[in-house]
Amino acid sequence: KQWYQRRVAITAGIGQSYTQIAHMRPLGCCMIVIGWDEEKGAQLYRVDPSGFYCGFRACSAGSKQIESNNYLEKKIKKNTMMNKQDVILTAIATLSHVLAADFKPSEIEIGVVSKDNPAFTVLPEAEVDRYLTILAEKD
């Protein structure tokens with residue numbers, strides 16, 4: 001297993017053990033983990049407070065996660081082979097659709113992993129602005 005798979009399993013195990021004791025539930029949030037596997041490519045895992053974890057092609061967390069997951073599912077069914085730009089544009093479009101808002105580059109952060117750079121990297125505002133402009137021109 002890759003390091004992130006082990007980390008996800010350990011974190012899920014800790015969360016699950018806390019569900020056994022009613023007064024001990026400090027892990028009340030969901031965690032999304034991304035990593036790069038040399039054989040499988042990009043990997044995305046979601047860990048729930050209950051200790052359940054699962055791999056996804058795309059997922060979200062928060063108060064509007066059902067709506068955003070449905071939106072992502074529709075988009076991914078249409079385009080199963082996405083490049084980096086398509087993935088980023090889909091993520092921004094999902095946020096924009098679900099929250100019914102247009103974003104400024106300073107209002108969102110985009111983190112990526114890729115084959116060329118497997119370390120988690122937050123895109124600079126100038127690059128975020130470029131993606132927002134591309135998305136605005138598509139509409």
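Lysine 77 counts as exposed, at 64% relative accessibility; by exposed I mean over 50% relative accessible area, with buried under 20% and partly exposed in between, using a 1.4 Å probe and protein chains only. Its partner is glutamate 73, and the two form a salt bridge with the closest N and O atoms 3.8 Å apart. A salt bridge here is a side-chain nitrogen of Lys or Arg within 4 Å of a carboxyl oxygen of Asp or Glu. Glutamate 73 is partly exposed, with a relative accessible area of 45%.

Before I go on, a word on where this comes from. This is a predicted model, where local features need pLDDT of at least 70 and side-chain atom pairs count only at pLDDT 80 or more, while totals for chains, interfaces and linings use all residues. Residues are numbered from 1 along each chain as its sequence is written, and side-chain values use heavy atoms, leaving out hydrogens and water.

So why do glutamate 73 and lysine 77 sit about one helical turn apart? Because they are four residues apart in helix α2. Helices (H or I, at least four residues) and strands (E, at least two) are DSSP runs, numbered from the N terminus.

How many salt bridges does the structure hold? Three. Another one joins glutamate 127 and arginine 130, at 3.9 Å from N to O. These two are three residues apart in helix α4 (residues 125-138), again about one helical turn. Glutamate 127 is partly exposed at 22%, and arginine 130 is partly exposed at 41%.

Then there is aspartate 48 with arginine 46, whose side chains meet in a salt bridge at 3.0 Å, N to O. Arginine 46 is buried, with a relative accessible area of 12%, whereas aspartate 48 is partly exposed at 22%.

Aspartate 37 lies in strand β1 (residues 31-37). Aspartate 37 is buried yet has no salt bridge, and the nearest side chain of opposite charge, lysine 40, is 5.1 Å away. For charge, Lys and Arg count as positive and Asp and Glu as negative, with His and the chain ends not counted. What the side chain of aspartate 37 does reach is the backbone nitrogen of glutamate 39, at 2.7 Å.

Last, back to helix α2 (residues 65-78): its axis and that of helix α3 (residues 84-99) come within 10 Å and cross at roughly 140 degrees. That makes α2 oblique to α3; angles under 35 degrees count as roughly parallel, over 145 as roughly antiparallel, 65 to 115 as roughly perpendicular and the rest as oblique. Axes are lines fitted to C-alpha atoms, for helices over the stretch in contact, with angles from 0 to 180 degrees between N-to-C directions.

Definitions and conventions: Polar contact = N/O pair within 3.5 Å; in protein donor to acceptor, adjacent residues only side chain to side chain.
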